[in-house]
Amino acid sequence: MREDAEALDIRDVTANWVNAEVLQRQVDERIKALADLSHTPLFFGRLDYLHAPGVELAEGAEGEQFYIGRRHVHDADGDPMVIDWRAPVSQPFYRASKKDPMDIALRRRFGYTGGELTAYEDEHLSDPAEVAQTSKLLQQEIERPRVGPMRDIVATIQPEQDEIVRSGLAGSVCVQGGPGTGKTAVGLHRVAYLLYAHRERLARTGTLVIGPNKSFLHYIEQVLPALGELEVKQATVDDLVTGAQVEVRGADAAPAAVIKGDARMAEVLRRALRSHITPPTEGVVVVRGSRRWRVASYELEDIVRELTERDMRYGAAREALPQRIAHAVLVQMERSGEAPDDRVQDAVARNTAVKAAVKEIWPAVDPAKLVLRLLSDADFLAEHADGLLDEEEQKTILWDKPARSVKSAKWSAADAVLIDEAGDLIARTHSLGHVVLDEAQDLSPMQYRAVGRRATTGSVTVLGDLAQGTTPWATRSWAEALSHLGKPDAVVEELTAGFRVPTDVITYASRLLPSIAPGLAPVASVRENPGEFEVRTVTGTADVVAACREALAHEGSIGLIAADARCADLAEALTRAGLSFLAPGEETTADSRLTLVPASLAKGLEYDYVVLDEPAAVVDGEPDERTGLRRLYVALTRAVSGLLVIHSAPLPPQLGLEDTVRS
């Protein structure tokens, strides 16, 4: 298929050089999408239908056989050899069961080692004599060691996951999933499915995946290309809101960040922006040739009042104002017997007197300068926060040393979100066709609004776990989050089957749930292997290094997770001991398998074996105990095969005091 694409000659089918460039780009993208991926087989399953799909059931009707793979593959004659996993005919591979065989006689799963076919497994779904069994190949795939970036789960999607993946584009979906339930993979595969089912529409409107940080985005960036989807953009919320507006160089204390992230700030900004509108005190005189046309102040007041009551974007109303004034002049011209057309109206709108009036009544406002003034001028803030923020809250967000200009200000991430909100009040933000928001529980109401305005005409897939909210402003409920996002009617789905974290590990971590998310159901691990688990008392960093050496004796990736404040000392100790290590987001290889992970960056990542250093330090590194315990919950649930918890300080009481050894 790739050779056919490379051999295409487009010289005789393009009318001009522009068409040729566009078509050649499409051909190049097609060739790139058809690239071979090492160790990635073309098919992973087979379905034998009792009757050919789409054909009316009749006695003696023949069945049909399909191979299922990551993408469509056809032979030299164009006949299909492998069916795309997203096609309707592939759905029974994920949904069919002994109770509902969906007209499937045989489902076959193929097992691979390094890209080589090594096993297969059959299920005769329509045979009542065969007893339903757990798939060994499915378990082996789940247990397979993690080395390198996140991989797709297209061969192991479960029925409850498939329902979410194949839900329609029109509706928004929120997926609540505990550690290891596959919510991130479900979100990415949903994007791949939507691009398959609605390719032309999403090609026009765009698709975006939003993650918590660059390390996380780097970890997941190869999933969609492996499924043949190359055009999906990735970003963090900070990437979205900074843009060309401001450079983030500062940081807020937690109390200030919480207030700046509160939804009340949206109304403060709206009031501050609208305060720039000044009621006209005198009319406008337009001179054209020998005639003078006057629009009285009361007429201008009516025009301004109408534009204000329509609650248009500030910038759109400002652009409409000169046209409205010009229209009032044209009405007078027509009454006097003239017959002005649209060109005359445009000329009047550009008249010096009209432009001066617009500048006086409805001046241009720069969003960054508006936020700068709010955070610098106590009186200006007090005027527009009246009844919204109390005096103490206003004092908390005011800068101690007001900046002189937008460029010199040390903007924080929360400030950038405020500027983005102000920018949207002035000019509407471009909306995309579909947005995936991962680790959504950590966003503030103002950040939800920033994401939501990028999907006002599209849909969203929200992924998160309320128990893993590790910011002081983490959302308390999905209903509240979806309201701020502008998608209150989104369907909330819950995934409770854990495929990544071993039973003993998730059971230990779940001891924290009553303290961090009282109403949340614990994850139930479906892993047959309980995993290796140990809690060990140590005396110093030498014991941490020894634990890492011990973990490296196992196959797969190793993560040393520690409180951010301890990472520098641990890095030095590892270096002295001659143990090379990676930073989060750097790709693990067979030769470099150890990653030193600050607890603040652990979310969304996974390692075969995790050494967790000093749980109490992880908790103490956060501004409050609940946030610290949630951060610890995240760190405890990054392991795929084994977890070693090491400590010299007492463990947080929520975990219990006894040491545990389990293997």
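1. Let's start with what to expect of a helix: its expected span is 1.5 Å times one less than its number of residues. Helices here are DSSP runs of H or I with at least four residues, strands are runs of E with at least two, and both are numbered from the N terminus. Helix α6 covers residues 183-197, and because it has 15 residues it should span 21 Å; its end C-alpha atoms are 21 Å apart, which agrees.

2. A word on the model before going on: it is predicted, so local features need pLDDT of at least 70 and side-chain atom pairs count only at pLDDT 80 or more, while totals for chains, interfaces and linings use all residues. Residues are numbered from 1 along each chain as its sequence is written, and side-chain values use heavy atoms, with hydrogens and water left out.

3. Back to α6: is it mostly covered or uncovered? It is mostly covered, with 13 of its 15 residues buried. Buried means under 20% relative accessible area, exposed means over 50%, and partly exposed is in between (1.4 Å probe, protein chains only).

4. Have a look at two loop residues. D103 sits in the loop between α3 (92-95) and β5 (104-113), and its phi is near 65°, a positive value in a residue other than glycine. With 24% relative accessibility, D103 counts as partly exposed. E439 lies in the loop between β12 (434-437) and α21 (445-452). Phi of E439 is also positive, near 50°, and this residue isn't glycine either. E439 is buried, at a relative accessible area of 3%.

5. Now the sheet. Strands of a sheet pair through backbone hydrogen bonds, either parallel or antiparallel. Here 6 strands make an open sheet with mixed pairing, in the order β3-β4-β2-β1-β5-β6. At the edges are β3 (73-74) and β6 (116-123), each pairing on one side only. Two strands count as paired if DSSP finds at least two bridges between them. Strands β2 (residues 64-69) and β4 (residues 80-84) run parallel and are joined by 2 bridges; G69 stands opposite D84 in β4.

6. Last, a helix pair. Helices α14 (residues 314-335) and α16 (residues 352-361) pack at about 135°, with axes 10 Å apart. Axes are lines fitted to C-alpha atoms, for helices over the stretch in contact, and angles run from 0 to 180 degrees between N-to-C directions. The two are therefore oblique to each other (under 35 degrees is roughly parallel, over 145 roughly antiparallel, 65 to 115 roughly perpendicular, the rest oblique). R318, L321, P322 and I325 in α14 meet V354, V358, K359 and I361 in α16, where contact means heavy atoms within 4.5 Å.
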